[in-house]
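Work through the exercises below with the structure open. Each task is followed by a solution in steps.

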Amino acid sequence: MPKRHKSRSLSPARLKHSRRRSGSPQPKIKKEPPWTPPRDKRRPDRHRERSAERDVARDKHHIKRERGDREDRHTDRVRVKQERENRHDRPHRQRENQQRERRQNDDRRRENQRHGGNNPFRNMEEDGQEYGRPGDTRDKNNSKPLEKEKPNFSTSGKLAEDTNVYRGVVIKYNQPPEARKPKTRWRLYPFKGEEALPVLHIHRQSAYLIGRDRIVVDIPVDHPSCSKQHAVLQFRLVEFTRSDGSTGRRVRPYIIDLGSANGTFVNNNQIEAQRFVELMEKDMIKFGFSSREYVILHEKSDTSEVEDQGVISD
């Protein structure tokens with residue numbers, strides 16, 4: 001008989017080693033989670049408490065809402081009722097007010113007829129009545145009537161503003177109809193402290209514009225306190241009375257301030273803006289806070305005092 005071989009059984013270690021060597025994957029064993037009771041069976045008392053609380057809150061909310069709706073309906077009902085009553089009572093109240101006013105007017109009319117007749121033009125002062133408030137004790141006879149402002153028909157210069165343009169600059173001044181070129185040779189003698197400056201001949205034109213804007217002015221003044229168009233030296237044909245009583249006409253120098261910021265001074269007195277001021281012989285003119293002084297003279301004036309100060313003349 002042939003010899004039988006015994007079957008060899010592999011140990012677990014050898015079995016594991018043989019499987020690793022063969023490359024076959026190890027079977028994955030799915031682990032079951034630990035047993036947990038159902039949600040409704042964990043704390044049944046807590047579930048019942050929460051549901052009861054929700055039911056109570058829902059009932060309270062419904063009760064409060066129904067109460068508010070009931071109150072709103074009640075207030076709306078009351079308001080509608082009051083409006084209906086007022087609508088019905090309004091004509092009656094208006095009629096009562098009209099009747100009351102009519103009775104008052106009738107009583108006042110009877111009282112007036114009883115005292116002074118029905119004359120609407122009677123003097124109220126004779127009846128002891130006065131106009132105004134009852135407590136007004138001021139003397140109305142001594143109060144002066146207010147004078148009405150008179151109309152001003154002088155030209156404002158707005159119409160001539162667009163036409164009076166020189167070198168692209170609007171001139172603030174327009175010469176008056178009586179402007180004339182003088183026949184007498186007037187001069188301006190400027191002084192800066194003790195220093196005498198060149199003489200300015202002002203008889204070649206009827207007007208001379210004075211200011212800082214050298215583009216348009218005739219006599220420039222560079223002090224910062226002076227305006228761009230500060231003042232105008234204007235010659236005007238005016239009437240005068242002779243010693244024998246007869247009248248005549250002559251050309252006299254005037255100066256006008258064009259509303260400058262710091263003013264124009266004649267003999268250390270500031271002149272009014274937009275007003276002509278006549279200049280007399282040997283008058284001294286200043287512009288703003290400038291230290292320069294201008295003395296006006298003419299060809300027949302005595303210039304000995306000026307020449308002694310070293311004035312430069314042509």
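**Exercise 1.** Which residue in S4 does Phe 191 stand opposite?

*Solution.* This is a predicted model, in which local features need pLDDT of at least 70, side-chain atom pairs count only at pLDDT 80 or more, and totals for chains, interfaces and linings use all residues. Residues are numbered from 1 along each chain as its sequence is written, and side-chain values use heavy atoms, with hydrogens and water left out.

Step 1: Find strand S4, residues 195-196; strands are DSSP runs of E, at least two residues, numbered from the N terminus.
Step 2: S3 and S4 pair in the antiparallel sense over two bridges, where pairing requires that DSSP finds at least two bridges between the strands.
Step 3: Opposite Phe 191 stands Ala 196.
Step 4: Two residues lie between S3 and S4 in this hairpin, and Gly 193 in the turn has a positive phi of about 70°.

**Exercise 2.** Name the other strands that pair with S3.

*Solution.* 
Step 1: S14 pairs with S3 in the antiparallel sense over seven bridges; Tyr 189 faces Val 295 there.
Step 2: S5, residues 200-201, is also antiparallel to S3, with two bridges; Arg 187 has His 201 as its bridge partner.

**Exercise 3.** Why is S3 described as largely enclosed by the rest of the structure?

*Solution.* 
Step 1: Buried means under 20% relative accessible area (1.4 Å probe, protein chains only).
Step 2: Five of the seven residues of S3 are buried, so the strand is largely enclosed by the rest of the structure.

Note on methods:
Buried < 20%, exposed > 50% of the residue type's maximum accessible area, 1.4 Å probe, protein only. Helix = DSSP H or I, 4+ residues; strand = E, 2+ residues; numbered from the N terminus.
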